Amino acid sequence: TCPAGTTDADSNSSTACVTCTPGSTGMYVPAGSTGPCSNFVCAAGTYSANTTSATSPCVSCDSGYYATAGAHSCTAWTVCSGGKVELVAPTATSDRRCYTVCPTGTYQVTAVTATSDTVCRGCPAGAVGAGGASACVSCSSGNYVPANSTGSCSAYTCPAGTTDADSNSSTACVTCTPGSTGMYVPAGSTGPCSNFVCAAGTYSANTTSATSPCVSCNSGYYATAGAHSCTIWTVCNGNQFEYSGPTATSDRRCSTVCAAGKYQVAAPTATTDTVCRGCPVGTVGAGGSSACVSCGSGTYVPANSSGSCGSYACPAGTTDADSNSSTPCVTCTPGSTGMYVPAGSTGPCSNFVCAAGTYSANTTSATSP
């Protein structure tokens, strides 16, 4: 009988028994065997640790281990880890098959097959991914979502002071810097920074960031658009009048009242003040919108004069020689001729020589009757 480890390979008792050498293949050849050595390889689920002779019986693997045909030892079942889960359960003859579950922030490009693992790819900027077989979800404007992001879109809202300037959640939020312009940019904003300038009637005192809300001006103050503070309403002074009343968005508009001795050339408008000009010589002006009044002869009225024409009568001893109130009064000097020139006189000094039968002893001025 062929001893254990050998076989009557050609099933011919006239030929020698063949020794089976395991080498890298686990096998067991009982005594009296026939057929080629390959018939005695250990079946899947069993093994023989003897690598030098085929005399050690094949033994079943312990629980938690498996062996393929011809094994010299059993191999522990694979434990799925690192984001992988069980696809095929293990047996005594085969290992556990694990496959990748796409992690959060990625999406599944290709599903697992019998020969290949899942193929995952990171979610693009502007989208979030729950992982697994779920598709990435695009986030709306007002957010900035970097590539490979997870969670909810609201976690990526542009913070206060910044804006999604191009309304594209795949590009970074833009920081708005107030500088000389008051502005407030709430969280989740879209559009350019210029959209968030404080409206007229409100202000934001924050000059370094656009995180402070715009506040309404108190009564008695106003602010134009983009203000960092409110300005107190102007008070019209004594020679002005209120052209337009103040509001929360605009100042009081004061216009000039033409002073006495002047007349109004042009009335005030929404953009220009009153235009005043001095009354010419020979006239007096009450100011305001009144015209200058020409004075009669017997007077001399300098430019820019106010009051009544009577205030400018030529005094006694002088005369309005040319009967023109725009020229100075002429002083009459008696010398060797007695004369008297009453106040408000007109005509040449010769008109005021004392008549025959009268005299004036004053030789220095014509002020004595």
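1. A disulfide is taken here as a pair of cysteine sulfur atoms within 2.5 Å. By that criterion, a search of the whole structure, which is a predicted model, finds 18 disulfides.

2. C2 and C17 form one such link, with sulfur atoms 1.9 Å apart. C2 lies in the segment before β1 (6-8) and C17 in the loop between β1 and β2 (18-19), so the bond ties together parts 15 residues apart in sequence. The S-S torsion is about -85°, so the disulfide is left-handed. C2 is buried at 9% relative accessible area, while C17 is partly exposed at 36%.

3. C198 is joined to C214, S to S 2.0 Å. The torsion about this S-S bond is about -85°, so the link is left-handed. C198 is in the loop between β16 and β17 (202-203), and C214 in the loop between β17 and β18 (215-216). C198 is buried, with a relative accessible area of 1%; C214, at 28%, is partly exposed.

4. The sulfur atoms of C258 and C276 are 2.0 Å apart in a disulfide, left-handed with -90° about the S-S bond. C258 sits in the loop between β22 (253-256) and β23 (262-266), whereas C276 is in strand β24 (residues 275-278). By contrast, C354 is in no disulfide; the nearest cysteine sulfur, that of C332, is 12 Å away.

5. An open, mixed sheet has the strand order β15-β14-β16. β15 (174-175) and β16 (189-190) are its edges, each with a single partner strand, so one side of each lacks a neighbour in the sheet. Strands β14 (residues 162-164) and β16 run parallel and are joined by two bridges; D164 has T190 in β16 as its bridge partner.

Terms used:
Residues numbered from 1 in each chain as written. Predicted model: local features only at pLDDT ≥ 70, side-chain atom pairs only at ≥ 80, totals over all residues. Heavy atoms only, no water. Pairing = 2+ DSSP bridges. Helix = DSSP H or I, 4+ residues; strand = E, 2+ residues; numbered from the N terminus. Buried < 20%, exposed > 50% of the residue type's maximum accessible area, 1.4 Å probe, protein only.
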